[in-house]
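I opened a new notebook page for this model.

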Amino acid sequence: MLGRLRSSASRLVHCCVTRQLSSTAHAAPTAPAGLLQSAAAPTATSTARGATKVAAASSTHLVTMSTAAAEPEVLSEVQGHVAIATLNRPRALNALNTSMVESMYELYSQWEADPGVACILLKGAGGKAFCAGGDVKTVVQQGLAGEFDKAVRFFRSEYRLNYLISRLATPHVALIDGITMGGGVGVSVHGTFRVATERTVFSMPECAIGLYPDVGGSYFLPRLQGGLGMYLALTGARLTGVDVRHAGIATHYIPSRHLPAVEQAIAGLGPAARDAGKLRELLASFEGREALPEGSLEAMRADINFCFGGKQSVEEVYSECERSGGQWGIDAIAQMSKGSPTSQKVSFEQLRRGASMDLGDCLRMENRMVHRCVMNAASDFYEGVQAALIRRSGAPRWDPASLKDVRPEHVEAFFRPLPPESELQLPLLPRQAQQSRL
């Protein structure tokens, strides 16, 4: 019964931060094996300082060059009053690296300060993925080499970008056409508008690699209706197409064939694109051209809410799935069981705390959590990534191996404050963001 929402925790683990997708409901092709090698992505030492600007009379182009491959990774242009950023690693499903997120931060900061920019539009190149996440294989390789500062830098830079997007006064429109997972969710869900298409595949499958749903997952997942956020966090289930809209993750659903016209219409607003209300009306007019498909999420909401909503522990979630009977509960248990027991317990506590926190505090909390994962090379995070992307065994050896052996004090340790120099420092921005939101 899970149907199109069947969990991707095992099959789509490549899309969880390295997040290279091997198969999807829309038959997205497997990323070439070479893209999983560290040489295919720049190291965390690559920064926006390598960016090249090319000026033209009507537009400005920013190309962030990979130090490893010397190819453009972030493209930008300004069309009239609309700034457009394109994630340009299509062979890697537009997966993020440190250079890209730091360059995007600098680029967005410039656009936010530019009175001539009325709207920011973000999209992915290649037609298969918006953004499949970020590169945890490189992070793990850096940690195993003792380069912990480089390993942590990616996450810190990513979280700062997530926060910046949430605080932009300039409206932000993300065209989440195709695979949108992990870090790809982080650079879209906190913005003003998210436009899903029939090709959108959403997932947060971090438990499958011993991590947790980061990039502000602490904030947006508990704010989804009923038990949906906990369900997505613990199972890594996929939402496809219109179900991303029905879930409240996307603000609009527009068939992909209309996206060029959407871009043209936004540019046609000129300075009025700064008005989020006018943008909302424009996007709604495109969405309203066709009736929204029914999707498959609504048929499962009762089961999701019964098993995952308002529970007091991960063990209670398992128990309710068993009591629910039928194939749905069996499948949910099977998918959760593939994830790290520690990650499941930590993710449950993360969402419980995040439900009453603002985004900034959630990201600070996640920074503390990721330090505990990255700074300990014996953690489940290292084991999960190695099993999926280095050894490629698909059989991680979790420690501890069962939920009953994950001690409360071990979970609590993930949330303890760090030394002041290691805490996440978020930007102080003078203007409030346009409110979208979840």
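**Entry 1: the sheet**

I started with an open sheet of four strands, which runs in the order β6-β8-β10-β11 with mixed pairing. I noted that β6 (129–131) and β11 are the edge strands, each with a single partner, so one side of each has no neighbour in the sheet. Two strands pair here if DSSP finds at least two bridges between them. Helices (H or I, at least four residues) and strands (E, at least two) are DSSP runs, numbered from the N terminus.

Before going on, I wrote down the ground rules: this is a predicted model, local features need pLDDT of at least 70, side-chain atom pairs count only at pLDDT 80 or more, and totals for chains, interfaces and linings use all residues. Residues are numbered from 1 along each chain as its sequence is written, and side-chain values use heavy atoms, with hydrogens and water left out.

Next I checked how β6 is held to β8 (residues 179–181). Two bridges join these strands, and they run parallel. Cys131 has Thr180 in β8 as its bridge partner.

**Entry 2: helix α6**

Is α6 mostly covered or mostly open? I found it mostly covered, with eight of its eight residues buried. Buried means under 20% relative accessible area, exposed over 50%, and partly exposed in between (1.4 Å probe, protein chains only). The buried residues include Leu228, Gly229 and Met230. I then listed what they pack against: β10, β11 (239–240), α10, α11 (314–324), α12 (326–337) and α13 (341–354). After α6 comes Gly236, with a positive phi near 70°.

**Entry 3: α6 against α10**

Two packed helices are described by the angle between their axes and the distance between the axes. For α6 (residues 228–235) and α10 (residues 301–308), the axes come within 8 Å and cross at roughly 80°. Axes are lines fitted to C-alpha atoms, for helices over the stretch in contact, and angles run from 0 to 180 degrees between N-to-C directions. The two helices are therefore roughly perpendicular to each other. That label covers 65 to 115 degrees; under 35 counts as roughly parallel, over 145 as roughly antiparallel, and the rest as oblique.

Which residues meet? From α6 I wrote down Leu228, Met230, Tyr231, Leu234 and Thr235; from α10, Arg301, Ile304, Asn305 and Phe308. The residues of this contact divide into six nonpolar, two polar and one charged. Contact means heavy atoms within 4.5 Å. Ala, Val, Leu, Ile, Met, Phe, Trp, Tyr, Cys and Pro count as nonpolar, Asp, Glu, Lys and Arg as charged, and the others, Gly among them, as polar.

I looked at Leu93, in the loop between β4 (82–87) and α1 (98–113). Its phi is positive, about 55°, although Leu93 is not a glycine. Leu93 is buried, at 3% relative accessible area.

Val215 sits in the loop between β10 (201–203) and α5 (217–220). Its phi is also positive, near 50°. Val215 is buried, at 0%.

I also found a cis peptide bond from Asp399 to Pro400, with omega near 0°. Pro400 is in the loop between α15 (380–390) and α16 (408–413).

**Entry 4: Ala265**

My last stop was Ala265, in α8 (residues 259–268). Ala265 counts as partly exposed, at 24% relative accessibility. Leaving aside neighbours within four places in sequence, Ala265 is in contact with Leu282 and Phe286. Ala265 and Leu282 are 17 residues apart along the chain, and their C-alpha atoms are separated by 7.8 Å.
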